[in-house]
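Hi there,

Here is the structure I promised to pass on. Have a look at it first, and my notes follow below.

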Amino acid sequence: MRIEPPPVHPVDQPVERIASRPVLCVQATDRLADAARLMAERSVSFVPVTDPAGQPLGVVSETGLLAVLRGQFDRSAPVTSALSPLVVVAGDLPCDQAYQLCLERGVSHLGIVDGQGCLTAVVSETDFRRLLNLSALAGRHRVPVVMRPVVNLMQPGQTLREAAVAMATGTDASVVVMAEGRPTGVITSRDTTRL
């Protein structure tokens, strides 16, 4: 009689198993507009920047693109002008440790590198949510349990630049547009990639 090994808990599996491939990357010579276009076309919240050998230099995120709307950078500026560090891990790191690293570092994504330091995959907060099947996402909690108070309120006549400044100075990368005392829409950092 053959004894089967106990099943591996999903959080104990290597992080490379839940990672996204192929990696969408831009080069250091690409422009912020190129990164924004790629992010909008593929509906992703960040894009790694790599050198010609495939080693990660950092990441351009939706939050980084807010700098263009604020007027800090021109859309034709190189992606390196809005570069943030990319936390990288080996692919065999267990998912629970990778997720804990995200929480400790305050990041929503990780790069996975091979033995030569080349980027082979990325894992995002969305990948961890799918893995963990968080109860809030499964509808087991009511909205007030997971919602946050609105921090940034704006009027319809205000500019996108003003919205970008508000998103950068607040704790949340979004603004709620109010008209006649009622919310009429929301602008988030995801909208920056389209704009």
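Which backbone oxygen does the side chain of Asn 152 reach? The answer is that of Ser 174, at 2.9 Å; a polar contact here is a pair of N or O atoms within 3.5 Å, where within protein one must be able to donate a hydrogen and the other to accept it, and residues adjacent in sequence count only if both atoms are side-chain atoms.

Before the rest, some ground rules. This is a predicted model, in which local features need pLDDT of at least 70 and side-chain atom pairs count only at pLDDT 80 or more, while totals for chains, interfaces and linings use all residues. Residues are numbered from 1 along each chain as its sequence is written, and side-chain values use heavy atoms, with hydrogens and water left out.

Asn 152 itself lies in the loop between helix 5 (143-146) and strand 7. Helices (H or I, at least four residues) and strands (E, at least two) are DSSP runs, numbered from the N terminus. Asn 152 counts as buried because its relative accessibility is 10%; buried means under 20% relative accessible area, exposed over 50%, and partly exposed in between (1.4 Å probe, protein chains only).

Two strands pair if DSSP finds at least two bridges between them. Strand 8 (residues 174-179) runs antiparallel to strand 9 over six bridges, and Ala 179 has Arg 182 in strand 9 as its bridge partner.

Strand 5 (residues 109-113) and strand 6 are also an antiparallel pair, with five bridges. Strand 6 (residues 119-124) is largely enclosed by the rest of the structure, because five of its six residues are buried.

Gly 58, in strand 3 (residues 56-61), is worth a look too. Because its relative accessibility is 0%, Gly 58 counts as buried. Leaving out residues up to four places away in sequence, Gly 58 touches Pro 48, Val 49, Leu 83, Ser 84, Pro 85 and Leu 86; contact means heavy atoms within 4.5 Å.

On to the helices. Helix 2 (residues 62-69) is mostly covered, with six of its eight residues buried, among them Leu 65, Leu 66 and Leu 69. Just after helix 2, Gly 71 takes a positive phi of about 90°.

Helix 1 (residues 32-42) packs against helix 2 at an angle of about 130°, the axes being 11 Å apart. Axes are lines fitted to C-alpha atoms, for helices over the stretch in contact, and angles run from 0 to 180 degrees between N-to-C directions. Helix 1 and helix 2 are therefore oblique to each other; angles under 35 degrees count as roughly parallel, over 145 as roughly antiparallel, 65 to 115 as roughly perpendicular and the rest as oblique. Where they meet, Leu 32, Ala 36 and Met 39 of helix 1 face Glu 62, Leu 65 and Val 68 of helix 2 in contact.

Happy browsing!
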